[in-house]
Amino acid sequence: MPPEAEADALRVQIFDTLERVIDPCSVAAGASAGLVSMGLVGDVAISDEDDGVHIAVTLRITSPTCMMAAIFEVAAVRELEVLPGVTHVEVLTDRTYLWHSDDMTPEYRQRLAVYRKAQAEQYAATQPAMQ
């Protein structure tokens, strides 16, 4: 494994990079979010090998029937393999993980709540008053 400080810096880069992979369901919900904000990033392993740094990432999905798993995997590999010093990236999806909305980051949950409240208020404003 790279020295601890380098591994920590790379871990930050990995999470920043995975946050740029946007979950289209979050876009459809009106508040786009990356894989990290959605709570879809599981284990991340970093190892220093003879040919360079190897990264292994486990992704989660919101439902076992989610059709985005393969797309997330491809996008994550494409984004991670260009990080400096990285020579191998493996991304797998844990389809057995039972995702819950609590897995989302607190910041994203708050942003989503604000958006949903605004949507509800906007909808209510278009409805005739009940007498």
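Which backbone oxygen does the side chain of S26 reach? In this predicted model, the side chain of S26 comes to 2.6 Å from the backbone oxygen of D23. S26 belongs to helix α2, which spans residues 24-28. The relative accessibility of S26 is 2%; buried means under 20%, so S26 counts as buried. Leaving aside residues up to four places away in sequence, S26 is in contact with A31, S32, A33, M38 and Y108.

The strands of the model were examined next. Three of them make up an open sheet, in which the order is β1-β2-β3 and the pairing is mixed. β1 (41-49) and β3 are the edge strands, each of them pairing on one side only. From one strand to the next, the twist averages 15°. In general, the strands of a sheet pair through backbone hydrogen bonds, and the pairing is either parallel or antiparallel. Between β1 and β2 the pairing is antiparallel and extends over seven bridges. Within β2, V57 is the residue that stands opposite V44.

Helix α1 contains 16 residues. From its first C-alpha to its last, α1 reaches 22 Å, close to the 22 Å expected at 1.5 Å a residue. A7, L10, I14, T17 and L18 are the buried residues of this helix. Viewed down the axis of α1, these residues fall within an arc of 90°, and they therefore line one face of the helix. The elements against which they pack are β1, β2, α3 and β3.

Helix α3 covers residues 69-80, which gives 12 residues. The span of α3 from first to last C-alpha is 16 Å, close to the 16 Å expected at 1.5 Å a residue. Buried positions in α3 are A69, F72, A75, A76 and L80. These residues lie on the same side of α3, because they cover an arc of only 130° around the axis. The elements covering them include α1 (4-19), α2, β2 (52-60) and β3 (86-94). α3 itself lies across β2 and β3, running at about 160° to β3.

Taken together, the contacts link the helices to the sheet and to one another. The buried residues of α1 pack against α3 as well as against strands, and α1 is in turn among the elements that cover the buried residues of α3. Helix α2, which holds S26, is also among the elements covering the buried residues of α3.

Key
Residues numbered from 1 in each chain as written. Predicted model: local features only at pLDDT ≥ 70, side-chain atom pairs only at ≥ 80, totals over all residues. Heavy atoms only, no water. Helix = DSSP H or I, 4+ residues; strand = E, 2+ residues; numbered from the N terminus. Buried < 20%, exposed > 50% of the residue type's maximum accessible area, 1.4 Å probe, protein only. Polar contact = N/O pair within 3.5 Å; in protein donor to acceptor, adjacent residues only side chain to side chain. Contact = heavy atoms within 4.5 Å. Expected span 1.5 Å × (residues − 1). Arc of directions from axis to C-beta. Pairing = 2+ DSSP bridges. Axes fitted to C-alpha atoms, helices over the stretch in contact; angles between N-to-C directions.
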